[in-house]
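Work through these exercises with the model open beside you. Try each task before you read its solution.

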Amino acid sequence: MIYTQYKCLYHVHHSRAIHQQLGLFLHSLKRTITNIVSQSNQYNLNSVPRVCCLYGKLRRCSWPTTEYTTSRRKKHNFCDHHRLYISTNSTRQHCESREFCTEKQSRPPWRILFFGSDVFSVKILQVLQENRSAGSNTLVGALDVVSTEGQNSVRTYADTMGVSVRDWPIPDLTGSYDVGVLASFGHLVPGKVIRMFPHGILNVHPSLLPRWRGASPLVHTILSRDKVTGVTIMRLKPKHFDVGTVLAQEKMLVPDECTTPQLLDVTARQGSHLLLRTLRTLSNIQEKEQDKDGVTYAHKVRPAMAYIDWDQQTMEEIHAQYRALSHMMPLRSELKGHPVKLLDMHTVSEGGAAAPGTVIFDKKQKILCVRCQNGWVGFENIVFKKKMSAQAFFNGYLSKVPERKLLLDCVKNGLDKERYMQRILQRV
């Protein structure tokens, strides 16, 4: 017998496609069940024709006289009592619309299918795997992984721990899992996949939704110099990112001077604990819709965001830009149209007046100082034709020009307050 959590054998008969695909005498089965249920409160499982496999056959049965006098609920309950289910998907919407064959497992351990692709995903997956291996009273009964093609951190961890990995997109897995868990997956999951899971798919999102919906919430949290952030556990919905109902949410302060990788570690740790608490009470959680006010969108990081507009950006903004992006790409500028990469940023306490973009060498700290809108920022290394230290750049270039100064170009990057605010209010 093949079991799922959705389609009892009584309700499979509603689909012609199932008749053709399986070659089963499903009407005969329906009538037999009706007959047994109507005759006695003591259900006799031996009188029900058995299905030996997906393509097995049922023996014919006579037409019961009580076919239309026994309630559908009673006939369904008979199948449900004896776990008479068959693994097909065609009648799912029919059964759900009539509140049949939709019984969910009400308590852990859960059978979980995890969706992820990057470092944040691994940290959530690691906690689920540790819970699964903890022994008795675990929340995770079974755990498999879905990831994108090609090697990534999620696949590497799963292979190391012996966790089964499926390629995206996935086939119909209805009845194989209780709930899906998604963390930084990077793909819009369609409704037909979400409906495979009785409890839907839970998304671990590192922001206080509806603020920072989208692909890069951590980067935009730092770029905007937010003081408070958090983690949201939401139920996934199709068609749009991060618009589902909220199951749990927890606030936290953004650590001072933190970088994106550091904030990722903190939010992943908080998110994994919040996820476990959510899984523990999943069947009883009161969901709520996201607020309509305060919606902002964390668009994907673009290479242009790494450029510095010296006459428009302050020291604080450039420092936040460095902390948000330096793990992905270096900050950039141009010198007479030639690309420049600025590495290893330092804070500079004071400096004289100069035009925005002016580059000088600080012999005491051995750094290059560049003038911005309201002060100076420093860099220990630079890439101009090749990578070199600030001292080497001074010896090779600055020391050979009048007044030992150069002027970097101001390059527009879309991070000025007006343009940035316009962009983050546009839907991803």
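**Exercise 1. Which elements do the buried residues of α11 pack against?**

This is a predicted model: local features need pLDDT of at least 70, side-chain atom pairs count only at pLDDT 80 or more, and totals for chains, interfaces and linings use all residues. Residues are numbered from 1 along each chain as its sequence is written, and side-chain values use heavy atoms, with hydrogens and water left out.

Step 1. Find the helix. α11 covers residues 315-325. Helices (H or I, at least four residues) and strands (E, at least two) are DSSP runs, numbered from the N terminus.

Step 2. Check its cover. Eight of the eleven residues of α11 are buried. Buried means under 20% relative accessible area, exposed over 50%, and partly exposed in between (1.4 Å probe, protein chains only).

Step 3. List the buried residues. They are E317, I318, A320, Q321, Y322, R323, A324 and L325.

Step 4. Read off the partners. The buried residues of α11 pack against α9, α10, β10 (331-335), β11, β14 and α13 (417-424). Contact here means heavy atoms within 4.5 Å.

**Exercise 2. Trace the pairing of β14, then explain why the strand counts as largely enclosed.**

Step 1. Start with β11 (residues 338-347). β11 and β14 pair in the antiparallel sense over six bridges. Two strands pair if DSSP finds at least two bridges between them. K341 has V383 of β14 as its bridge partner.

Step 2. Move to β13 (residues 367-371). This strand pairs with β14 over four bridges, also antiparallel. C369 is bridged to G378 of β14. A hairpin of four residues joins β13 to β14.

Step 3. Take β15 (residues 386-389). Four bridges join β14 to β15, and the two run antiparallel. N381 has S389 of β15 as its bridge partner. The hairpin of β14 and β15 has one residue between the strands, and K385 takes a positive phi near 75 degrees.

Step 4. Seven of the nine residues of β14 (residues 376-384) are buried, so the strand is largely enclosed by the rest of the structure.

**Exercise 3. Is R371 buried or exposed, and which residues does R371 touch?**

Step 1. R371 is found in strand β13.

Step 2. Apply the cut-off. R371 counts as buried because its relative accessibility is 15%.

Step 3. List the contacts. Leaving out residues up to four places away in sequence, R371 touches W310, G352, A354, A355, P356, G357, T358 and W376.

**Exercise 4. Describe the surroundings of P206.**

Step 1. P206 sits in the loop between β5 and β6 (213-214).

Step 2. Check its cover. P206 is buried, with a relative accessible area of 8%.

Step 3. List the contacts. Neighbours within four places in sequence aside, P206 is in contact with F120, P217, L218, T229, G230, V231 and T267.

Step 4. Compare sequence and space. P206 and T221 are 15 residues apart in sequence, and 9.7 Å apart in space, C-alpha to C-alpha.

**Exercise 5. What lines the largest cavity, and what lines the largest pocket?**

Step 1. On a 1 Å grid over the protein atoms alone, a cavity is a set of points where a 1.4 Å probe fits but cannot get out. A pocket is an open set with protein on both sides within 12 Å along at least five of seven lines. Lining residues have an atom within 4 Å of a point. Grid points are joined across faces, edges and corners, and a volume is the space filled by probe spheres set on the points.

Step 2. Take the largest cavity. About 40 Å³ of space lies in it. L342, V359, L368, V370, I382, F393 and L408 line this cavity.

Step 3. Take the largest pocket. About 840 Å³ of space lies there. Of its 35 lining residues, the closest to the centre are D118, S184, A215, S216 and P217.

Step 4. Name the contributors. α6 (119-132), β5 (201-205), α9 (217-223) and α10 (260-280) each supply at least two residues of the pocket lining.
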